[in-house]
Amino acid sequence: AADFDGDEDINLEDFEEYGSPLMGMADSVMSDIMSYQVGPQTPTEQIQAFKAAITWSEPFIQCLLAFQAVVIITAIALTKKGGLYTRMGFMIILAIIVRLAERLNVMGNSRWKEFATQNYFDRGGIFIGIMLCAPLLCVCFGMLFAMFREANTLLVDVKAMKIKAQQEQQQKKKKSKEEEKKRRKKKD
């Protein structure tokens with residue numbers, strides 16, 4: 001190791017070997033500052049922090065919320081009056097949008113300045129997962145649940161019709177047996 005007594009030229013490599021005393025102090029100060037910086041701890045605090053991080057009056061966010069409202073209204077309308085293939089097609093479209101979310105997140109990250117005031121598109125896709133994918137998946141699950149409920153109702157109706165048909169058939173057999181007995185009595 002070299003001594004720094006002023007007579008020798010100071011080599012940058014030797015200086016880096018010992019490290020800067022200022023760097024040690026800066027690391028210490030930063031660790032002290034960061035130890036007092038506590039992020040949200042509870043789920044409620046996490047939700048509040050998420051809500052506070054979003055500029056809700058921003059046109060991009062309002063358009064995203066309007067899109068979600070249109071999707072929900074369309075899903076309700078299709079669930080009540082749409083055919084099976086229409087509902088399935090709508091669910092497939094929603095699934096495709098969810099599947100493309102990663103690409104949308106990358107594209108949003110590179111172009112966010114064109115439509116937003118801040119970059120909502122992080123590497124993990126938290127924003128797009130919460131604001132786009134989660135509502136779309138909830139709508140799909142709701143529609144799927146409605147389809148299962150409808151299938152269950154139809155199954156019960158078919159079973160009831162089958163039982164009713166069997167009862168009617170038994171009554172016809174019983175009635176025909178009674179008529180046959182009456183005929184036999186008349187013949188005797």
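How much space lies in the largest pocket? About 220 Å³. A pocket here is an open set of points on a 1 Å grid over the protein atoms alone, where a 1.4 Å probe fits, with protein on both sides within 12 Å along at least five of seven lines. The volume is the space filled by probe spheres set on those points, joined across faces, edges and corners.

Before we go on, this is a predicted model: local features need pLDDT of at least 70, side-chain atom pairs count only at pLDDT 80 or more, and totals for chains, interfaces and linings use all residues. Residues are numbered from 1 along each chain, and side-chain values use heavy atoms, with hydrogens and water left out.

Now, the lining, meaning residues with an atom within 4 Å of a point. Among them are F60, M107, R111 and F127. Helix α6 (101–111) gives the most, with four residues. Helices here are DSSP runs of H or I, at least four residues, numbered from the N terminus. Helices α4 (59–81) and α7 (126–187) each supply at least two residues too.

Let's stay with two of those lining residues. F60 and F127 form a tilted aromatic pair, 6.2 Å centre to centre with 40° between the planes. Rings of Phe, Tyr and Trp (its six-membered ring) pair if their centres lie within 6.5 Å; planes under 30 degrees apart are stacked, over 60 edge-to-face, and the rest tilted. F60 lies in helix α4 and F127 in helix α7, so this pair ties together parts 67 residues apart in sequence. In total, the structure holds seven aromatic pairs. Thanks, everyone!
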